[in-house]
Protein chains: 2
Amino acid sequence: MTATNWLHDAIASMPTHDAEAYLAVSDRAANILRPAGALARLDAVAAWVAGWQRTAHPTARRPAALIFAADHGIAAAGVSAYPADVTAAMLAAYRAGKSTINAFAAVAGASVLAIDVGVGRPTGDIRTESALSPERFAEAVIAGRDAVDALDADLLVLGEMGIGNTTAAAAIAAALGGGEVADWVGRGTGVDDDGLQRKRLAAETAVARIATITDPLEVLREVGGAELVAITAAIVAARHRQLPVMLDGYVVTAAALPLHCMNAAALDHCAVGHCSAEPGHRRLLKRIGKEPLLDLDMRLGEGSGAMASVPLVAMACVGITDVPTFGEWFG
Amino acid sequence: MTATNWLHDAIASMPTHDAEAYLAVSDRAANILRPAGALARLDAVAAWVAGWQRTAHPTARRPAALIFAADHGIAAAGVSAYPADVTAAMLAAYRAGKSTINAFAAVAGASVLAIDVGVGRPTGDIRTESALSPERFAEAVIAGRDAVDALDADLLVLGEMGIGNTTAAAAIAAALGGGEVADWVGRGTGVDDDGLQRKRLAAETAVARIATITDPLEVLREVGGAELVAITAAIVAARHRQLPVMLDGYVVTAAALPLHCMNAAALDHCAVGHCSAEPGHRRLLKRIGKEPLLDLDMRLGEGSGAMASVPLVAMACVGITDVPTFGEWFG
């Protein structure tokens, strides 16, 4: 089976959550030694984890972050505040344990694995050509799938790095989310007014080029990037491995969007850690119907917003598993 | 010196933060290996911690929670969904390491100490008499101060337990914050409509009784509770020990309000972990000019909202201390 066939099949055969585990935790939450409903969203998070882990004893003790990195041809169009070789430099920093995500992960007790899916091998210029050939697309699918399959983890954090990739994210969001393309384009790493204009124009040109394409995965291949494709595949693979997923910011959520377009339930095993300051992210979250756990104005990517929320997920779980019910305490 | 004199003197002599440490971290934040401003509020948190710890190397590695517990005479008026003896039961649960705050603290790597400042010794009925005599007030001040002085910690989480204490909090907030008393009264642990009416009436009667009192600490003594007084004193003691404070929900913030009324800078070493679902909390946060880190609809108290934010503070710190600058990385 080709990787692309695997992806289609895996999307078509996504398991639902374990309703029994979900209800067991919801019921227990209502009887825990605290006023009913006092933990509100955190109790809901615990039940969500339980449903996807298929156990009444949800945990977030072995969180793992996968950071996919790749380069983008569109970076040459001056759409970023940073030169393209920063992608490689940041990949090296993740691997040396020296970037922000590594520091956050140490606090959260999480592992971090940075995966090169195209650093130094930029995508095509999305204004005029496909980002990825079918072969490159398949390669990225395999990288995302296999990285998830190799994990020993109970919670997956997805992150990305790729200079130029908020332009790719905006093109996907606009092509699949509709509305004015410019409304999906923000300053990314902090581009100036001229750069923002270039970025809008690049996204508009790319979206216009693929106006007749309706298959969400083809949109992803045409205007996305290798790290986005790997993330899309990782989300799907996690679903088949009973692994709840914390999505990060705009780029990761844009990589998730094609799945939502194909099946409104495809992202039910995913939660959103943090709403990015990148304005398109809030629009995208509304589109996929998800409320972030955090809203701290961050706009770093590399999985940092998702990782920042991991201790909350861990607290939600121990708030169910490590606290007695009224009956257990008084009984 | 009496405890009450200590409190007045300590409020009058509050140190300012270390501007040099604050600026050192703010400057470093602007040069760390990530886009300038990408961590937004977390970088601001790190600089805030640095200023109050008086070091350019801020940490949140030894967080400590103090949970003050006490009973309230007003509980007899049917203002809570739970009977008064739940205060003692929860105190026992904290000490057995079995409550939600203990589970959250384990995730955050924090210690938890629960301190009895009046369990089984209810305050006066605030509708008709002072909550605390000057002697009981002084005793609670000492308990709060000494608990902080005994800590080995780099970040202080303050929490409370006391059936009836959201009525006391509402009375303090209304007396010092102004406006309609009823607007400061919420459902607390989840009181029904009749209970809410009783609660409003109780707070209104208490506030009317002390209409001529303007000294914020006298308001606290008249309509507060022993755990609130201990928290007020703990906040002041922390300021003198270079210890940043994470405030919890409505009750803890109400205990902080008298300090803010006496000196607009008195809470500068305090941040707010979480905005409670108790509606008065958001009003109170606006009154003291603080933005919570989290907004998750929780309404548990016992320090849980503040504790939930502790990993974010820890991440903010390591995001400065454990990540190189561009200069350090590229050399």
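In chain B, D43(B) and R34(B) are joined by a salt bridge whose closest N and O atoms are 2.9 Å apart. The model described here is a predicted one.

One of the bridges in chain A pairs R221(A) with E218(A), with the closest N and O atoms 3.0 Å apart. R221(A) is buried, at a relative accessible area of 11%, whereas E218(A) is partly exposed, at 28%.

A salt bridge is likewise found in chain A between D43(A) and R34(A), where the closest N and O atoms are 2.9 Å apart. Is D43(A) buried or exposed? With a relative accessibility of 10%, D43(A) counts as buried. R34(A) is also buried, at 2% relative accessibility. Over all chains, the structure holds 23 salt bridges. As a general point, side chains of opposite charge can pair when their charged atoms come close.

The next topic is the place where the two chains meet. Here 45 residues of chain A are in contact with 45 residues of chain B. Together the chains bury an area of about 3,800 Å², and carbon and sulfur atoms give 77% of it. Which residues of chain A lose the most area to chain B? They are L296(A), M315(A) and W329(A), which together account for 16% of what that side buries.

How many salt bridges does the rule find across the interface of chain A and chain B? The number is 0. Polar contacts do occur between the chains, however, with a count of 6 residue pairs, both residues being at pLDDT 80 or more. By residue type, the side of chain A that touches chain B divides into 34 nonpolar, 5 polar and 6 charged residues.

A pair of aromatic rings is described by the distance of the centres and the angle of the planes. Over all chains, the count comes to 4 aromatic pairs. One of them is the stacked pair of Y82(A) and F326(B), at 6.2 Å centre to centre and with 10° between the planes. This pair crosses between chains: Y82(A) is in the loop between strand 1 (63-70) and helix 4 of chain A, while F326(B) is in helix 14 (residues 326-330) of chain B. Y82(A) is partly exposed, at 22% relative accessibility, and F326(B) is also partly exposed, with a relative accessible area of 24%.

Why is the pair of F326(A) and F330(A) called stacked? Their ring centres are 6.2 Å apart and their planes meet at 10°, so the pair falls in the stacked class, for which the planes must be under 30 degrees apart. F326(A) and F330(A) both lie in helix 14 of chain A, where they are 4 residues apart, about one turn of the helix. Both residues are partly exposed, F326(A) at 24% and F330(A) at 49%. Ring pairs also link Y82(A), F326(B) and F330(B) into a cluster.

M14(A) lies in the loop between helix 1 (3-12) and helix 2 (19-31) of chain A, and at 11% relative accessibility it counts as buried. M14(A) and H240(A) are 226 residues apart in sequence, yet 6.7 Å apart in space, C-alpha to C-alpha. Leaving aside neighbours within four places in sequence, M14(A) is in contact with V236(A), R239(A), H240(A) and A266(A).

Terms used
Residues numbered from 1 in each chain as written. Chains lettered and ligands numbered in written order. Predicted model: local features only at pLDDT ≥ 70, side-chain atom pairs only at ≥ 80, totals over all residues. Heavy atoms only, no water. Contact = heavy atoms within 4.5 Å. Buried area = accessible area lost by both parts, 1.4 Å probe. Salt bridge = Lys/Arg side-chain N within 4 Å of Asp/Glu carboxyl O. Polar contact = N/O pair within 3.5 Å; in protein donor to acceptor, adjacent residues only side chain to side chain. Nonpolar A, V, L, I, M, F, W, Y, C, P; charged D, E, K, R; others polar. Phe/Tyr/Trp six-rings, centres within 6.5 Å; stacked < 30°, edge-to-face > 60°. Helix = DSSP H or I, 4+ residues; strand = E, 2+ residues; numbered from the N terminus. Buried < 20%, exposed > 50% of the residue type's maximum accessible area, 1.4 Å probe, protein only.
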